[in-house]
Amino acid sequence: MEPTSHRTNLEDQIREAYGRVTYSQTTQVKQAELLKEKDTCLKWATIIASILTTGGILGFIILNTQYCAIFSVITSMVTLVISSILKSVDYNGQSKEHKNAADRLWPIREEYVSLLIDFDTLTDEEIIERRDVLQNRTGEIYADAPTTSEKSYKKAQKALKYDEEQYFSKEELNKLLPERLRK
C-alpha cells in the first residue's frame, strides 16, 4: 500500500472543511426558515384567536347565551398565551441572526471552492496559508453563530444529499447563463 502524500492529505482536509462549512451554512439557512415559519404561525394564530374571541363576544351580545361567553373567555386566554410567547421569544430576531450567520459563511464556502480549483497551481505553503486563514475566519463566525437545532440539521442534510439544493445540473446552469457562455 502506497503512503498518502502530504499534498493529498491537504486536499482531503480542505475538501472536508468545505463540506463542513457547506453543512453549517445550509443548517443556518434552514434554522432561519424554521424560526420564520414559527413566528408567522404564531402571529396568524393570534389573529385567528382574536377573531374567534370577537365572534364569541358578538354571539353573546346578540344571542345572550352563556356558551358564547365561555367560548370568548377560552379564546381570549389562548390569545393571551400566544401573545405572551411572541412577546417573550423573538423568533423573527433569532431568524435574522441565523440568516446573518449563513450569509457570513457563504463567502467562506466559495473561497474553499476557489482554493480547490486553484489547488494544482499553488505551492504547499500557499495552500497551507490560505487554509489557515479560512479556518481562522470560519472559527470566528462559528464563535458568534447561534446554535442550530437537530431539525434544521436534518433539513439541511436532506437538502444537500437528496434535493441537491446548493448545486445546479449542467442543464440548469446553461439555462441561467447567457447564451454565449453556455456549454
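Trainee: Leaving aside neighbours within four places in sequence, which residues is Gly-59 in contact with?
Mentor: This is a predicted model, in which local features need pLDDT of at least 70 and side-chain atom pairs count only at pLDDT 80 or more, while totals for chains, interfaces and linings use all residues. Residues are numbered from 1 along each chain as its sequence is written, and side-chain values use heavy atoms, with hydrogens and water left out. Contact means heavy atoms within 4.5 Å. With neighbours within four places in sequence set aside, the partners of Gly-59 are Asn-64 and Cys-68.

Trainee: Is Gly-59 buried or exposed?
Mentor: Gly-59 sits in helix H1; helices are DSSP runs of H or I with at least four residues, strands are runs of E with at least two, and both are numbered from the N terminus. Buried means under 20% relative accessible area, exposed over 50%, and partly exposed in between, using a 1.4 Å probe and protein chains only. Gly-59 has a relative accessible area of 12%, so it counts as buried.

Trainee: How many Å apart in space are Gly-59 and Glu-164?
Mentor: Along the sequence, Gly-59 and Glu-164 are 105 residues apart. From C-alpha to C-alpha, their separation in space is 53 Å.

Trainee: Which residues does Thr-27 touch, not counting those up to four places away in sequence?
Mentor: Thr-27 also belongs to helix H1. Its relative accessibility is 4%, so Thr-27 is buried. Beyond four places in sequence, it touches Thr-148, Ser-152, Tyr-153 and Ala-156.

Trainee: How is H1 oriented relative to H4, roughly parallel or roughly antiparallel?
Mentor: Helix H1 covers residues 6–63 and helix H4 residues 124–144; their axes come within 11 Å and cross at roughly 25 degrees. Axes are lines fitted to C-alpha atoms, for helices over the stretch in contact, with angles from 0 to 180 degrees between N-to-C directions. Angles under 35 degrees count as roughly parallel, over 145 as roughly antiparallel, 65 to 115 as roughly perpendicular and the rest as oblique. The crossing angle therefore makes H1 and H4 roughly parallel.

Trainee: Which residues of H4 make the contact with H1?
Mentor: On the H1 side, the contact involves His-6, Arg-7, Leu-10, Gln-13, Ile-14, Arg-20, Val-21 and Ser-24. The H4 side supplies Asp-124, Ile-127, Ile-128, Arg-131, Gln-135, Thr-138 and Tyr-142.

Trainee: What does the C-alpha trace of the whole protein span along its principal axes?
Mentor: The protein has six helices and zero strands. Of its 183 residues, 28% count as buried. Along the principal axes, the C-alpha trace spans about 85 × 40 × 30 Å.
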